[in-house]
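Keep the viewer open as you read.

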Amino acid sequence: MQTQSLVYLDRVSKLYRSGGAEIYAVRDVTLAVQAGEFFSLLGSSGSGKTTTLRLIGGFEQPEYGEVYLNGEVVTTQPPYCRPVHTVFQSYALFPHLSVAENIAYPLAIARTPREEIDAQVRDALKMFQIPELGDRRPHQLSGGQQQRVALARALISRPKVLLLDEPLSALDAKIRDEVRQELKAVQRQTNLTFIYVTHDQDEALALSDRIAVMDQGQVQQLGTPRDIYDAPASLFVAQFIGKANFLRGTIVDVAGDRATVLVNGLALQARLSSPAPALNTEVTLMVRPERLRLSSAADTQSSTHFLENQVSATLTQSTYIGAVQELRLTTAVGDLLTTQLGQAPIHASSSFTLSWQAEDCLVLPVD
Amino acid sequence: MPDVSSPAIAPRPQRRPWLLGVWTAIALGFLYLPIGVVVLMSVNQSRILSLPFTGFTLDWYGLALADAPLRAALGNSLKVAAIATLFATGLGLLAAFAIYRYQFWGKTAFRLALNLPILLPGVVTGVAMLAYFSSLELGLGLGTVILGHGVFGLPVALGPILTRLGQFPTALEEAAYDLGARPVQVFRDVLFPYIRSAVVAGALLAFTLSFDEVVVTIFLTGRDNTLPMEIWGRLRTNITPEIAAVATVILTVSSILVVASQRNSAPPSA
């Protein structure tokens with residue numbers, strides 16, 4: 001039973017009425033989050049990820065479907081009855097209370113004895129490495145510090161689930177990485193369930209145990225970061241996550257999970273992840289830039305000769321971006337983008353061979 | 001590359017900055033000199049309310065303090081202003097909430113209706129209320145004055161509260177709910193502290209307005225006089241610097257209230 005999951009959304013829809021029209025903010029979403037999981041809702045703005053989070057938090061109530069927490073229906077329960085706390089994008093620290101009073105608030109509401117509150121707040125301040133900030137007001141803190149206070153406040157009464165609504169988006173790029181590490185460390189230490197909303201694919205990939213990619217109010221794909229990057233279920237997901245090369249072709253042969261696809265008259269070997277499309281239908285092939293191997297056309301000793309797909313290529317553009325070089329090449333199957341490690345400049349004049357494994361080349365529906 | 005050896009750049013000369021200063025002094029003088037004259041007269045030894053200044057005395061303050069009808073009028077004014085302020089601020093808070101929180105039919109008309117008492121001339125409000133109260137057979141007295149002051153105090157108190165509520169970040173309220181607070185606790189712990197200073201500012205404004213209100217009061221008062229009415233009455237019979245002393249005291253207290261209200265009107269820093 002899915003209702004045994006810690007958080008379970010059962011065919012949940014949230015509608016907005018604007019003018020005469022009904023707009024689905026969330027449409028028929030079913031997902032189960034297990035205890036201890038770091039679960040991300042990833043999507044662009046308007047994809048329904050924040051609304052989904054607000055349905056779990058109790059700030060919105062769905063028109064259809066049920067929300068389960070710990071196996072119980074909480075669909076119409078107000079937020080203060082749910083063992084779920086939220087870290088808001090704006091942190092929402094109470095401006096008239098000190099840092100310590102902010103962190104103590106959930107305990108004070110629950111009528112915890114004074115001494116116990118003090119002890120717990122002290123521990124929390126220590127855990128988040130801000131012991132000296134207890135008496136400050138929120139507006140006297142930096143963004144990173146405010147973020148820590150918000151996290152400490154949301155965690156202090158030990159909720160079953162922590163909801164995080166783009167908690168890093170208000171931070172500078174430099175602190176963001178640091179806080180990201182801390183967030184993951186906190187989640188590991190406390191072994192709490194985190195449900196994390198973000199539009200940043202790097203964040204989602206780096207932090208999550210599982211990711212639900214959302215678009216137009218629906219879950220487009222649900223899986224581990226590896227699944228989603230290596231085996232996107234649709235062209236949308238493939239385009240949304242990371243960079244990729246897409247080639248149009250016709251499927252001409254299927255054997256097991258391997259397919260032969262004709263692209264501009266060239267037969268390429270590719271992998272099927274979903275049920276095979278009918279022969280002679282149009283498909284899209286996806287291959288990630290870093291999975292393409294570049295070798296000099298003259299180099300016959302190269303290990304790349306064992307890879308299933310080989311095309312000769314001419315370099316048209318190379319961009320140096322620090323750790324890697326991004327190369328754009330023209331081939332018989334179309335323009336391809338690849339990234340190569342190494343500092344040695346690669347010159348445009350020479351001719352190359354691009355090779356890749358069938359394993360790394362995914363067959364996707366046309367749209 | 002900037003040339004490090006180049007001479008420091010001279011600041012651009014400002015054109016006659018003193019002109020603005022003089023103009024400001026004239027404008028402020030026009031506004032405040034009469035008030036200054038009243039203050040001066042209150043410490044003048046002359047028996048009638050006039051200049052020139054013949055010598056410093058605080059006798060008029062002593063006389064005013066010992067004046068029984070004047071003290072009764074002050075007591076009435078304070079009572080009327082206090083109760084009318086409570087009435088106006090309480091209703092203003094509720095009305096502000098209704099406007100902030102809910103969408104309802106006729107909301108714009110509702111807001112306009114609330115603001116009408118300060119938009120309409122006092123004479124109109126006064127006559128209308130007088131007619132209304134007499135048809136209700138309500139005896140005129142301090143009670144009707146309180147009702148009258150409450151009515152035009154409401155929009156005055158409503159303004160700052162509504163403005164502040166508009167600045168309230170919804171996330172704060174959601175955070176409190178999320179952390180386990182029930183609606184009453186959310187109001188007590190988060191929303192009210194955020195708007196508290198605006199409520200105080202609105203109340204102080206309503207109080208000041210009620211304290212020196214004359215026009216509406218003329219129509220609604222019975223035998224008991226408020227302070228401005230008492231002063232007005234005396235101006236026609238025996239003008240003494242005692243009145244100037246009372247005016248100076250009122251001026252001082254009002255100024256303190258207005259300054260306090262202004263200081264309170266900034267929202268809490270987020």
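A polar contact here is a pair of N or O atoms within 3.5 Å; within protein, one must be able to donate a hydrogen and the other to accept it, and residues adjacent in sequence count only if both atoms are side-chain atoms. By that rule, chain B and chain A share 5 residue pairs in polar contact, both residues at pLDDT 80 or more.

A word on bookkeeping: this is a predicted model, where local features need pLDDT of at least 70, side-chain atom pairs count only at pLDDT 80 or more, and totals for chains, interfaces and linings use all residues. Residues are numbered from 1 along each chain as its sequence is written, chains are lettered from A and ligands numbered from 1 in the order written, and side-chain values use heavy atoms, with hydrogens and water left out.

Now the interface itself. Chain B brings 20 residues to the contact and chain A brings 21, contact meaning heavy atoms within 4.5 Å. About 1,900 Å² is buried between them, 65% of it from carbon and sulfur atoms; buried area is the accessible area (1.4 Å probe) that two parts lose on being put together, summed over both. On the chain B side, B:E174, B:D178 and B:L179 lose the most area to chain A, together 36% of what that side buries.

B:E174 also forms a salt bridge with A:R54, with the closest N and O atoms 2.7 Å apart. The rule (a side-chain nitrogen of Lys or Arg within 4 Å of a carboxyl oxygen of Asp or Glu) finds 1 salt bridge across this interface.

Finally, look at A:Q146 in chain A, where it touches A:Y91, A:L93, A:P138 and A:L141, not counting residues up to four places away in sequence. A:Q146 counts as buried because its relative accessibility is 19%, and buried means under 20% relative accessible area (1.4 Å probe, protein chains only), with exposed over 50% and partly exposed in between.
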